[in-house]
Amino acid sequence: MGSRGSDIDHVLVGPAGVFTINTKHHPSGAVRVHGDTVLLNRYPVPYVRNSRYEATRAGRRLGAALMGSPPPVTGLVVLVGCTGGFVVDHQPLDGRVVLLGRRELVAWLRAQPARLSEREVARLHAVARRADTWHG
């Protein structure tokens, strides 16, 4: 995304809102989440900070493409593997980033309330599909 090469794995647009999804594969890792602090095998990793930044940036780019204010975007960090364990003491408190295991993702998304109308979803989807929204 953009000229600095930031990477968002997926962008999801639906009635529940806009989500950036960043997947992390740790086949033998142990991950513990305590708010903004994420430990991988007891060492801090910047997953929450990076996901928050990507979500904010995606919102700005979508807002610019719509020539309006940025839509709220939630950053999701989806962990895959973690055979050493995946424990969430508590999610980041601002609600702008959520960490989930891959098996939790679909149920979590389905449980989210609708925040966007069909028209808003269609408009956001249309600009999210355009390459020029993300590059340049």
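**A strand seen from several sides**

Student: Which element gives the largest share of the lining of the largest pocket?

Tutor: This is a predicted model, in which local features need pLDDT of at least 70 and side-chain atom pairs pLDDT 80 or more, whereas totals for chains, interfaces and linings use all residues. Residues are numbered from 1 along each chain as its sequence is written, and side-chain values use heavy atoms, without hydrogens or water. Strand 2 (17-26) and strand 6 (73-81) each supply at least two lining residues, strands being DSSP runs of E of at least two residues and helices runs of H or I of at least four, numbered from the N terminus. The largest share, three residues, comes from strand 2.

Student: What is the volume of the largest pocket?

Tutor: A pocket is an open set of points on a 1 Å grid over the protein atoms alone, with protein on both sides within 12 Å along at least five of seven lines, while a cavity is a set where a 1.4 Å probe fits but cannot get out, and lining residues have an atom within 4 Å of a point. Here the lining of the largest pocket holds 15 residues, and Ala16, Gly17, Pro72, Thr74 and Arg115 lie nearest its centre. The space filled by probe spheres set on the points gives the largest pocket a volume of about 230 Å³.

Student: Which residue is the bridge partner of Asn22 in strand 6?

Tutor: Strand 2 and strand 6 run parallel and are joined by nine bridges, where at least two DSSP bridges are required for two strands to count as paired. Across the two strands, the bridge partner of Asn22 is Val77.

Student: Which residue of strand 2 stands opposite Gly14?

Tutor: Strand 1 (residues 10-14) pairs with strand 2 in the antiparallel sense, over five bridges. The two strands form a hairpin, with two residues between them. Opposite Gly14 stands a residue that is also among those nearest the centre of the largest pocket, namely Gly17.

Student: Is Phe19 buried or exposed?

Tutor: Phe19 belongs to strand 2, a mostly covered strand in which seven of the 10 residues are buried. Burial here means under 20% relative accessible area, with exposed over 50% and partly exposed in between, for a 1.4 Å probe and protein chains only. Because its relative accessible area is 4%, Phe19 is classed as buried.

Student: Which residue forms the aromatic pair with Phe19?

Tutor: The structure holds one aromatic pair, judged by ring centres within 6.5 Å, with planes under 30 degrees apart stacked, over 60 edge-to-face and the rest tilted. The pair is edge-to-face, at 5.9 Å centre to centre and 80 degrees between the planes. It links distant parts of the chain, 89 residues apart, from strand 2 to helix 2 (residues 105-110). The partner of Phe19 is Trp108.

Conventions. Phe/Tyr/Trp six-rings, centres within 6.5 Å; stacked < 30°, edge-to-face > 60°.
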